Amino acid sequence: MQNFAFTAPSVLERIYDALDERGRLPREFSLQQALEPGAPAQGFFYSDGFMEGNLTGLEKGEEESPELQAVLRQVLSGEYDQAVQGLKVFFGDGEGHLMNSYVLPLQQWVDAHREELDPEPLIWFAHRLLQEADQGEIIKFALSLLEFFDLQEEEEVAEDIRLLARCNEFTLFCVRDFLQWNDGQEEIFQTARQVYGWGRIAALEYLEPRTAQIRQWMLEEGWDNDVNPEYTARLLADHVDLLGVLERPTLTAKAFEGAEALVDALLVDEPVPGISEIRQPAKLLTEFLRHCAEQEKELDDYRVILRILQYAHGKLEGKEQETVKQACGKLLLSFACAQTVQQAMKKGEGFDLARTLDLPYVQQAVELVLQAPLDHVDLLPYALTGDKHHDHHVMELYEELIPGFEKAFGERQDGEVSLQEQLNGVYMDLNRILS
């Protein structure tokens with residue numbers, strides 16, 4: 001019932017309507033797009049949870065807000081319509097206020113007045129906001145108020161929080177609520193399995209590896225997020241005892257896949273510390289390479305091995321370096337690796353690895369470029385050899401195409417060109433050729 005004059009349908013209703021047959025949001029779901037259904041399909045949207053992930057950080061912000069404190073006083077006085085109006089003004093005034101920036105002082109204010117406030121009206125009002133609000137930041141305000149209470153037995157409220165938790169935009173705030181619930185860790189675990197973006201990263205920050213089931217999921221699936229696996233790689237490696245996992249005699253294919261993803265992410269060592277803060281990194285890599293020798297390998301597996309070799313060259317010394325280098329060399333210089341790379345090159349892949357491993361690649365690159373110059377323009381660095389006659393023959397293919405692109409480029413100047421058209425249209429093709 002829309003008594004607070006919010007726009008219908010509410011955020012909660014839009015999320016509910018987007019659920020799939022499993023009760024999950026599609027992996028590509030965007031709340032911003034759902035709230036702006038008339039926006040052009042090629043429009044630019046921040047991913048759900050981006051503001052907390054990149055701007056405010058996942059920790060509770062410490063900025064003071066007299067406006068939000070005034071809203072709280074109105075709520076406690078029963079002036080609900082005025083409180084809603086205050087929230088609409090504060091979060092909709094164009095100043096870009098983000099709720100996470102103000103959470104800690106606001107909660108400290110509530111905590112200081114807990115003895116004198118009646119929790120029932122506060123819970124009722126916050127729940128109404130969850131159900132009716134049409135702005136995400138207002139919902140985050142409500143979730144921040146509900147963090148004081150164990151609402152697991154309040155069936156209607158609990159279900160709405162669980163539903164919001166499935167959206168990456170709200171997972172962080174819902175997880176904070178779950179921490180107050182009697183069975184909060186199980187709620188966080190179930191939520192972490194249902195989200196893949198910033199929500200999964202936030203949930204993993206609070207999920208404790210208390211059971212074998214949770215640790216197995218962390219190893220096999222927890223690393224898989226749509227933001228950046230590096231953000232949680234060291235956390236997960238610690239939680240699952242990655243070195244201990246790799247010291248097992250054998251691994252299932254699923255466990256090896258997870259271990260490989262974690263090792264690969266750890267090697268990056270940024271934007272958060274990775275392998276530099278792992279105990280016994282050389283032993284971890286050696287044990288991983290032992291399992292590599294026993295697994296069926298594809299092109300990406302050999303790329304990971306090459307990155308390990310590069311890490312050993314740059315970061316390891318002495319006997320540790322030689323041990324890792326020998327294990328990598330045995331795999332990279334094998335007939336199986338050469339065969340895998342050769343098969344990949346027929347599909348336009350693996351040329352970088354072929355060049356590094358000193359495998360023949362020029363002829364295959366030239367054949368693909370001759371077949372489809374535009375489709376394989378990225379192979380030009382491999383098709384050009386430095387031989388003047390040969391290179392001129394290859395580049396003639398592109399010189400013949402450029403007038404057509406220039407004509408199309410000129411025609412586009414008269415009309416408005418979207419960012420998406422610039423990225424995917426003639427601009428990008430012409431730029432790739434000229435580069």
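**Core, pocket and cysteines of the predicted model**

The largest nonpolar core holds 134 residues, and F141, I161, F170, L242 and I308 have the most contacts inside it. Such a core is a set of buried Ala, Val, Leu, Ile, Met, Phe, Trp, Tyr and Cys residues joined through side-chain atoms within 4.5 Å. Buried means under 20% relative accessible area (1.4 Å probe, protein chains only). The model is predicted: local features need pLDDT of at least 70, side-chain atom pairs count only at pLDDT 80 or more, and totals for chains, interfaces and linings use all residues. Residues are numbered from 1 along each chain as its sequence is written, and side-chain values use heavy atoms, without hydrogens and water.

Beyond its neighbours within four places in sequence, F170 contacts V11, I15, L31, G136, I139, K140, L143 and L164 (heavy atoms within 4.5 Å).

The largest pocket is lined by 22 residues. Q32, L35, G136, E137 and E169 lie nearest its centre. On a 1 Å grid over the protein atoms alone, a pocket is an open set of points where a 1.4 Å probe fits, with protein on both sides within 12 Å along at least five of seven lines; lining residues have an atom within 4 Å of a point. Its volume is about 560 Å³, taken as the space filled by probe spheres set on the points, which are joined across faces, edges and corners.

No disulfides (cysteine sulfur pairs within 2.5 Å) were found in the whole structure. For C292, the nearest cysteine sulfur, that of C328, is 8.5 Å away. C292 counts as buried because its relative accessibility is 1%. C337 is also buried, at 0%.

Terms used. Buried means under 20% relative accessible area, exposed over 50%, partly exposed in between (1.4 Å probe, protein chains only).
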